[in-house]
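Work through the exercises below with the sequence and the structure at hand. Try each task before reading its solution.

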Amino acid sequence: DYAEYMHVNDTSIESGDLVKLDLEDAKSLLEKFENKIILPTDHLVTTTLKDNFRGVYSTEIPSDSYAIDIGWETIRNYKTQLANAKTILWNGPLGITEWRQSGIGTREVGLSMGENPENFVIAGGGDTISAIKNFNITGIDYISTGGGAMLSFISGEVIGLFTHAENADLANAFTDGAFPFGELFALIIIE
């Protein structure tokens, strides 16, 4: 069980501030959406962040290693899943895309999103946009410059400018501090 593995190794997620993964919430989501949440089965890891790259199964990542990309088994699985998807929401790269060795998962999975003209692809976040540009990924229907704002909006949360729009108070949107800069152009259509 992937969640148990994460607990055993006291894995945490680092994104600016260190956030501890709530194991019970993770288990609940995995059970509720077991056919929808597809976790990686393998990763590319390194101990030095410079070399020594090797593939390992997700449940066998050594405690002294960094998982820097998804592995080939996961890439093939994700591409198979995406081939039949009707709607794809993409937020964030699948590895460290700045490195040639660890951008392969993001490149391969990203390119496969545009292969089915029948699917609808929404992508968000600065690192996702960089990957789309750097890997010449096409077939994205909508891009949000703010990944977090996009996820909040899609989940139903009212954000910044939209709060003022509902109150017909757009003039104050920029002056009262309730309008973070990144929310201005939340969705860009690229057809």
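A residue is called buried under 20% relative accessible area, exposed over 50%, and partly exposed in between (1.4 Å probe, protein chains only). The model is predicted, so local features need pLDDT of at least 70 and side-chain atom pairs count only at pLDDT 80 or more, while totals for chains, interfaces and linings use all residues. Residues are numbered from 1 along each chain as its sequence is written, and side-chain values use heavy atoms, with hydrogens and water left out.

**Exercise 1.** Classify aspartate 25, and name the patch to which it belongs.

Solution. Step 1: locate the residue; aspartate 25 lies in helix H2, residues 23-32. Helices here are DSSP runs of H or I with at least four residues, strands are runs of E with at least two, and both are numbered from the N terminus. Step 2: aspartate 25 has 47% relative accessibility, so it counts as partly exposed. Step 3: Asp25 gathers with Glu24, Glu31 and Glu34 in a surface patch of negative charge. Such a patch takes residues with over 30% relative accessible area and no salt bridge, and joins like charges within 9 Å. A salt bridge is a side-chain nitrogen of Lys or Arg within 4 Å of a carboxyl oxygen of Asp or Glu.

**Exercise 2.** Determine whether threonine 74 is buried or exposed, and find what it contacts.

Solution. Step 1: threonine 74 is in helix H3. Step 2: its relative accessible area is 1%, so threonine 74 is buried. Step 3: set aside neighbours within four places in sequence; threonine 74 then contacts Pro40, Thr41 and Asp42. Contact means heavy atoms within 4.5 Å.

**Exercise 3.** Do the classification for threonine 80, then state how far it is from serine 112.

Solution. Step 1: threonine 80 is also placed in helix H3, which covers residues 72-83. Step 2: with 48% relative accessibility, threonine 80 counts as partly exposed. Step 3: threonine 80 and serine 112 are 32 residues apart in sequence, and their C-alpha atoms are 9.0 Å apart in space.

**Exercise 4.** State how many helices and strands the protein has, and what share of it is buried.

Solution. Step 1: there are 7 helices and 9 strands. Step 2: of the 191 residues, 35% are buried.

Terms used: Patches are made of residues with over 30% relative accessible area and no salt bridge: like charges are joined within 9 Å, nonpolar side chains (Val, Leu, Ile, Met, Phe, Trp, Tyr) within 5 Å. Accessible areas come from the Shrake-Rupley method with a 1.4 Å probe; for residues, only the protein chains shown count as cover. Lys and Arg count as positive and Asp and Glu as negative; His and the chain ends are not counted. The place of a charge is taken as NZ of Lys, CZ of Arg, CG of Asp or CD of Glu.
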